[in-house]
Amino acid sequence: MKKFPPGFQDIVPFIAFFAIFIFFMIASHDERTGAFRMLTALNLRTVLDQTMLTIVVACGVLFVVAQGSIDLSVGVNLALSGVIGMWAAHAAGVPFLVIPVSLLVGLAAGVFNGVIVSRFKVPSFMLTLAMLIGIRGLVNYIQTKTHAQRLPDELLFLNTPAVKTAIFIAIVLIMAYVFEFTRTGRYGRAIGENETAARFVGVPVGKMKIVAFALSGLMAGMGALFYVVTVGSTSQQMGVFLEMRVVMAIFLGGVLVTGGFSARFYKILLGSFSIQIIINGLALVNKSDALISQSVQGLLLLLILLVSSLAGKRTARGDDDHTATSGQVGPR
Amino acid sequence: MSAPILEIRGLNKRFGPTQANRHIDLTLREGEIRGLIGENGSGKSTLMSQIAGIHIPDSGEMRVRGKAYRPRDALDAYEQNISMVLQELGVIGNLPVAVNVFLGRTGRFTKCGIVSRKAVSRATEELFTKWGLPMPPLNQFTGDMMIETRKIIELARALSVDPDILLLDEITQSLSLNNRQKLYELLEKLKSLGRSVIVITHDVEEMLRITDTITVLRDGEVVGETVSSGTTADEVKRMMVGREIGGDYYRADNRPEHGDELVLSVKNLSVAGELDDISFDVFAGEILGFCGLSDSGIHSVGRAVFGLSKAAAGSVRLVARDMDITSPAQALENNIGYVPKDRDTEALMIDASVLENFVLPSLGKLAGAMGFISSGSLKRLASERVAKLSIKCEDIAQRVGELSGGNKQKINLGRWLVKDPSLLILDCPTRGVDVGVKAYLYSLMKEAKRNGIAILLISDELPEVLGMADRLIVMKGGRVTGMIDRGEAFTEQAVIEVMI
C-alpha cells in the first residue's frame with residue numbers, strides 16, 4: 001500500500017475544512033444577486049453562534065473522549081440545566097440566578113456520570129446513552145409544567161456580539177490551558193492511551209475520570225446559557241441531537257475514537273467549524289430538502305473519517321509484515 | 001550423527017530498508033536441540049517465523065527431510081508438523097483454554113457444525129498429561145489467566161500438532177523457575193523421541209544448559225555455530241556482540257551494605273488471595289531481592305507496595321515521609337518508582353511517543369504556578385535523558401512501539417531515575433532484553449544504589465537477584481519463607497533449598 005508522508009493524518013482535517021468551506025461558498029453563490037449567500041453578515045452570525053455553542057460543549061466532551069470514553073448525555077444535560085436554571089430564575093425572581101443554577105445542574109449531572117463510570121466500571125457509552133434517553137424524558141416532563149420560558153430582559157445584554165464573544169474566548173482559553181498545559185489534560189490523554197499503564201505509573205485514574213465527566217457536564221451547563229441567551233428562551237428542541245454534532249466535531253477535527261495523545265484542543269475548533277459549515281451549507285444550498293441534509297452530513301463524516309484513517313499511523317501498522325510485527329518478529 | 005530434518009540454504013529476508021536475514025545456512029538434525037542467540041535485531045525471530053510459515057522468505061530454500069518446504073502460512077506449517085510458540089502472547093482471551101489449544105483446528109470435534117466442548121476438553125487434557133504440562137482449568141476463559149499460564153497454553157497448542165520441529169521464541173522469560181524445569185524436561189522428552197527443537201533465549205547460561213548446538217546471529221547473518229558442551233558463556237557473548245563484554249556484569253563485591261536511613265517498612269501485609277502476612281524493611285542504598293516459584297507472590301509484593309492492590313491487613317509505611325502508602329497516586333506523589341513486569345501492557349503507552357512515555361511520571365514535578373507545564377521543559381527533559389541513556393530512536397516523537405525491547409526498557413527504568421526516587425520497585429527489569437542492554441541496566445542499578453536509592457528487585461531469574469541484591473527474600477505461596485544476606489551462603493543451591 002502506498003505510504004502517506006508522516007503527519008499527513010494531522011493535515012487531513014485542515015484540508016477537509018477548506019474543501020468544505022470552498023465547496024459550500026461556491027455552491028451558495030446566488031446567480032440573481034451575484035453574492036455568496038454563505039458570506040452574508042446575517043448568515044455568518046448564525047454560523048458563528050451555532051459554532052460557539054458546539055465548541056463550548058465540545059471543550060468539555062474533549063476531556064472525556066481523550067480518556068477513550070464518550071459522553072452522549074451532553075445534549076440532554078444542556079436541556080436539563082437550561083430548563084431548571086430558567087425555572088429557578090423565574091421562581092425566585094432573580095434573573096442572574098440562571099447562571100449559577102445552570103452551571104451547577106450541569107456539573108452535578110457530570111459528576112454523577114463520572115462516579116458511575118469510575119466506581120462501578122459501567123462503560124461510558126452505555127451509561128450516557130441511558131442518560132440521554134432518561135433525562136430527555138425528565139426534561140419533557142418539566143417542560144409540560146413550565147412551557148417555554150423567556151430569557152429575562154435583564155440578561156439580554158449577554159447576546160450582544162462583543163459580550164458573548166468575550167465570554168466565549170475566555171472559556172476557550174481556560175479550557176485550552178487546562179487541556180494542553182496541565183496534568184489534568186495530560187493524565188487524561190495518558191489514560192486514553194493505556195489505562196493500565198497510567199494506573200501503574202500512579203495516575204489517579206478514578207479521580208481523573210470524574211474530573212473529565214464533571215467538566216463535560218459543567219460545559220453542557222455553560223452551553224445551556226449560550227443557548228438561552230442566543231435563542232431567547234428555552235424550547236422543546238433544546239440540545240436535541242447536539243451530542244452527535246459535538247462528537248462529530250471532535251472526530252472531524254482528527255481526534256481518534258480511542259482518545260489518547262491524538263486529542264488536541266485545536267482540533268475541536270477546526271471540527272466544530274467544519275460540521276457547522278456542512279449543516280449551514282446544506283441548508284443554504286437546498287432549503288426545500290432539509291431531510292436529506294442529515295444523510296449528507298453522515299456521508300461526509302464517513303468520508304472524512306475514512307480518509308484520515310487511511311492516512312493514519314494506526315492503520316499503517318497493518319500495511320505490511322514489517323510494521324505489523326516490528327515489535328517482535330521483524331528487525332529491531 | 002542422525003539424519004538432517006531441516007536444511008536451510010541461502011535464506012534472505014528483507015523488511016523495507018532492513019536486511020533482517022542475510023544468506024542464512026542452517027542444518028538441523030533429528031533429535032537436536034538448537035539454540036539461536038543474538039542481540040535484539042539480529043534476525044533470530046525473523047528466521048524462526050519463516051520456518052513457521054509466518055513470513056515468506058525473499059529468496060533461498062528450505063528442505064524438510066530432503067523435500068522442498070515452502071509453507072504458505074502458519075497452518076500450512078502446522079500440517080507439516082512444524083509449530084512455533086511466538087514471543088508475544090497469542091491466545092484469545094474470550095475463549096476457553098481447550099478451544100484456544102485447538103484454535104483453527106476444531107474441525108475434528110465438530111458435529112453438525114457444533115463444536116463439542118467436551119471432546120475438545122478431553123483431547124486437551126490428554127495433551128497436557130502426555131507432555132507433562134501443568135494443567136489449567138480447561139473451561140475457563142484465558143483472558144483472566146496469568147501470562148505464565150497463557151504461555152503454557154500456547155505451548156500446548158504448538159505441541160498439539162505432535163511437532164517434528166518445535167520452535168520456541170523467548171518462552172522461558174514468561175515462566176517461573178518451576179515451570180522452566182518442566183520445560184527442560186519436555187525438551188529432554190522431545191529429544192528422546194527424535195524430535196527437533198529450535199530455542200531462542202536471551203539467557204546464555206540457560207541456553208548452554210539446555211541445547212546441543214548453538215547458532216549465533218549478528219546483523220542478520222550467521223556468525224558462528226558451536227557445540228554447547230564445548231563452549232563458555234563468555235565465548236558465546238563475545239560472538240554475539242563481536243567484542244569482549246566487561247567482567248563487571250553483576251556486582252563485584254560479596255558483602256551486604258546499605259545506608260543507615262530506613263526507607264520503607266512493610267508490616268504484616270496481607271492481600272486477599274495473593275499475600276499473607278509479609279513483613280520487611282529496606283534501607284537507603286540497599287537492593288532487596290525477591291525470588292520464588294510461580295504463585296509465590298513476589299510480583300504481588302511490588303504491586304502492593306506501590307498501592308495497586310488493596311491491603312486486607314497490615315501496612316506499607318514510607319518511613320522518610322512518615323505515611324502509609326495506600327494508592328498508586330500517593331506512591332507517585334511521594335517519589336516511589338515502579339517498573340512493572342509486563343512492559344508493553346502495564347508500563348508503556350505503546351502508541352504514544354517516546355516523549356510522552358518518558359515524561360509521564362515527572363509531570364507533577366514539572367508543573368509550575370497554576371499547574372503550568374511547558375512543552376519546552378518536557379522536550380528538554382526527554383531529549384536530554386534519551387541522549388544520556390543512549391536510547392536508540394529516530395527522535396523523541398517516535399512511537400514507542402517501534403523501538404526494540406531493550407530501548408523500551410531503558411525508557412521504562414530511565415523515566416523513574418530522572419526523578420531521583422527514594423524507593424524503586426523493579427519487577428523483572430531485564431526481561432527480554434539482550435546482554436548489552438542488560439549490562440547497562442545493571443550499571444544503572446548500581447549507580448542508583450550508590451545514590452542511596454532503596455531498590456526492591458523482584459525477579460524470576462535467580463542469577464540476577466544473586467548478582468545484585470544485598471539481601472534476598474524467598475517467598476512461597478504468598479508468604480516469606482526465608483531471608484538470606486549477601487555473603488558465603490548466597491548461592492543458587494542455598495536459595496533453591498529454601499524455595500522448595
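Me: Domain bounds come from an automatic or database domain assignment. Into which domains is chain B divided?
Reply: This is a predicted model, in which local features need pLDDT of at least 70, side-chain atom pairs count only at pLDDT 80 or more, and totals for chains, interfaces and linings use all residues. Residues are numbered from 1 along each chain as its sequence is written, while chains are lettered from A and ligands numbered from 1 in the order in which they are written. Chain B is split into domain 1 (4-241) and domain 2 (262-499).

Me: What distance separates the centres of the two domains of chain B?
Reply: The centres are taken over C-alpha atoms. Between domain 1 and domain 2 of chain B they lie apart by 31 Å.

Me: Which elements of domain 1 of chain B give two or more residues to the side that touches domain 2?
Reply: Contact here puts C-beta atoms, placed from the backbone, within 7 Å. On that basis 17 residues of domain 1 of chain B meet 15 residues of domain 2 of chain B. Helices (H or I, at least four residues) and strands (E, at least two) are DSSP runs, numbered from the N terminus. The elements of chain B on the domain 1 side are α5 (147-159), α6 (177-192), α7 (204-210) and α8 (233-241).

Me: Which element gives the most to the side of chain B that touches chain A?
Reply: At this interface, 43 residues of chain B contact 28 residues of chain A. Elements of chain B that supply at least two residues each include β2 (18-29), α1 (44-51) and α11 (343-347). With four residues, the most is given by α10(B).

Me: How do the residues of the side of chain B that touches chain A divide?
Reply: Ala, Val, Leu, Ile, Met, Phe, Trp, Tyr, Cys and Pro count as nonpolar, Asp, Glu, Lys and Arg as charged, and the others, Gly among them, as polar. The side of chain B that touches chain A has 22 nonpolar, 15 polar and six charged.

Me: Is Gly53(B) buried or exposed?
Reply: Gly53(B) sits in the loop between α1 and β4 (59-64) of chain B. The residues it touches, beyond four places away in sequence, include Pro71(B), Arg72(B) and Asp73(B). A residue is buried with 20 or more other C-beta atoms within 10 Å of its own, exposed with 12 or fewer, and partly exposed in between. Gly53(B) has 22 such atoms within 10 Å, so it is buried.

Me: How many helices are there in chain A?
Reply: Of the 332 residues in chain A, 48% are buried. Chain A has zero strands. Its count of helices is 14.

Me: Are α3(A) and α5(A) roughly parallel or roughly antiparallel?
Reply: The axes of α3 (residues 74-92) and α5 (residues 124-146) of chain A come within 9 Å and cross at roughly 25°. Angles under 35 degrees count as roughly parallel, over 145 as roughly antiparallel, 65 to 115 as roughly perpendicular and the rest as oblique. So α3(A) and α5(A) are roughly parallel.

Me: At what angle do the axes of α2(A) and α10(A) cross?
Reply: Thr54(A), Val57(A) and Ala58(A) are among the α2(A) residues that meet α10(A), where Leu242(A) and Arg245(A) are included. The two helices are therefore roughly perpendicular. Axes are lines fitted to C-alpha atoms, for helices over the stretch in contact, with angles from 0 to 180 degrees between N-to-C directions. For α2 (residues 41-66) and α10 (residues 242-252) of chain A, the axes come within 9 Å and cross at roughly 70°.

Methods
Two residues are in contact if their C-beta atoms, placed from the backbone, lie within 7 Å.
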